[in-house]
Amino acid sequence: AANWKMNKTPTETKTFGAELRRILPKGRWCEIVLCMPAICIPAGVKALRDTRVSIGAENMYYETYGAYTGEISAPMLVDAGVKYVILGHSERRAMGETDGDINKKLIAALEAGLTPILCVGESLEQRKSGITFEHITMQLKQDFQNIPPEQLRRIVVAYEPIWAIGTGKTASAEQAQEVCEGIRAVIRKIYGARPARAVSILYGGSMNAKNCAGLLAQPDIDGGLIGGASLKPDFGQIVNA
Ligand code: PGA
């Protein structure tokens with residue numbers, strides 16, 4: 001999954017879509033998602049129609065409609081052709097989004113039929129003080145409140161260590177695997193073995209065409225959430241890897 005963040009205009013989205021179509025990745029066994037700014041979504045949906053590439057949003061609000069100036073609801077995204085939505089990205093958590101908000105957004109996204117990509121991850125301070133697991137376990141427990149096992153299967157979890165995002169400092173394959181294995185263990189504890197096996201876990205944080213193969217070879221890393229390296233069509237190389 002690509003996370004474009006606040007990059008690209010609708011016109012640039014159209015150009016990108018046309019280029020990506022041309023070099024469309026060979027991989028048949030993975031889902032491909034481009035998460036983009038809301039304003040780019042109509043252009044993205046149009047440019048990648050009839051391909052295996054789905055369009056995702058980067059955020060949404062948990063209410064369906066009403067007096068929430070500037071917000072976009074899950075049914076609005078669905079109507080626009082969106083299939084996935086990133087929730088709880090650390091850049092949004094840093095703007096004040098709480099696990100309580102993220103939990104409500106997860107429930108609303110699932111109800112509307114969207115596949116949420118839930119982001120969790122520790123800061124450098126938390127890693128240094130040895131509380132990575134405690135922190136991520138707490139995030140998962142709060143974010144999953146009142147979400148039944150049959151819904152859990154539809155959630156994609158992305159492990160994104162904050163210290164690796166946009167810094168060029170990728171977690172080593174071993175570090176990333178260790179935490180992704182831990183995430184699966186937490187899910188197993190809460191929901192049992194089947195949902196834990198079924199859930200897709202992505203790694204995100206400076207993943208690129210060079211380092212992706214080592215990360216993706218890990219048993220508990222099922223894919224990537226890619227920021228900077230997803231802005232060019234060679235994003236297709238990562239998908240192929
Ligand atoms: P990055 O971003 O690949 O630029 O580090 C990843 C993300 O924040 O999802």
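## The second largest pocket

The second largest pocket in this predicted model has a volume of about 450 Å³. Of its 22 lining residues, P37, A38, E58, N59 and R92 are the closest to the centre. The lining divides into 13 nonpolar, four polar and five charged residues. Here Ala, Val, Leu, Ile, Met, Phe, Trp, Tyr, Cys and Pro count as nonpolar, Asp, Glu, Lys and Arg as charged, and the others, Gly among them, as polar.

A pocket is an open set of points on a 1 Å grid over the protein atoms alone, where a 1.4 Å probe fits and protein lies on both sides within 12 Å along at least five of seven lines; lining residues have an atom within 4 Å of a point. A volume is the space filled by probe spheres set on the points, which are joined across faces, edges and corners.

## The largest pocket

About 540 Å³ of space lies in the largest pocket. Its lining holds 28 residues, and C30, E31, L202, D222 and G223 lie nearest the centre. By class, 20 of the lining residues are nonpolar, four are polar and four are charged.

Helix 12 (235-240) supplies the largest share of this lining, three residues. Strand 2 (32-36), strand 5 (115-120), strand 7 (200-204) and strand 8 (223-225) are among the elements that each supply at least two. Helices (H or I, at least four residues) and strands (E, at least two) are DSSP runs, numbered from the N terminus.

## The ligand site

Now to the ligand: 13 residues surround it, the closest being K5, H89, E160, G166 and S206 (near means a heavy atom within 4 Å). This shell has four nonpolar, seven polar and two charged residues.

A side-chain N or O atom of K5 is 2.7 Å from an oxygen atom of the ligand. For H89, a polar side-chain atom lies 2.7 Å from a ligand oxygen, and the side chain of E160 also places an N or O atom 2.7 Å from an oxygen of the ligand. The protein covers 95% of the 280 Å² of accessible area that the ligand has on its own (Shrake-Rupley method, 1.4 Å probe).

Eight strands form an open sheet in the order 1-2-3-4-5-6-7-8, with parallel pairing (strands pair if DSSP finds at least two bridges between them). Strand 1 (2-3) and strand 8 are the edge strands, each pairing on one side only. Strands 7 and 8 pair in the parallel sense over three bridges, and G204 stands opposite L225 in strand 8.

## Reading the numbers

Residues are numbered from 1 along each chain as its sequence is written, and side-chain values use heavy atoms, leaving out hydrogens and water. In this predicted model, local features need pLDDT of at least 70 and side-chain atom pairs count only at pLDDT 80 or more, while totals for chains, interfaces and linings use all residues.

Conventions: Polar contact = N/O pair within 3.5 Å; in protein donor to acceptor, adjacent residues only side chain to side chain.
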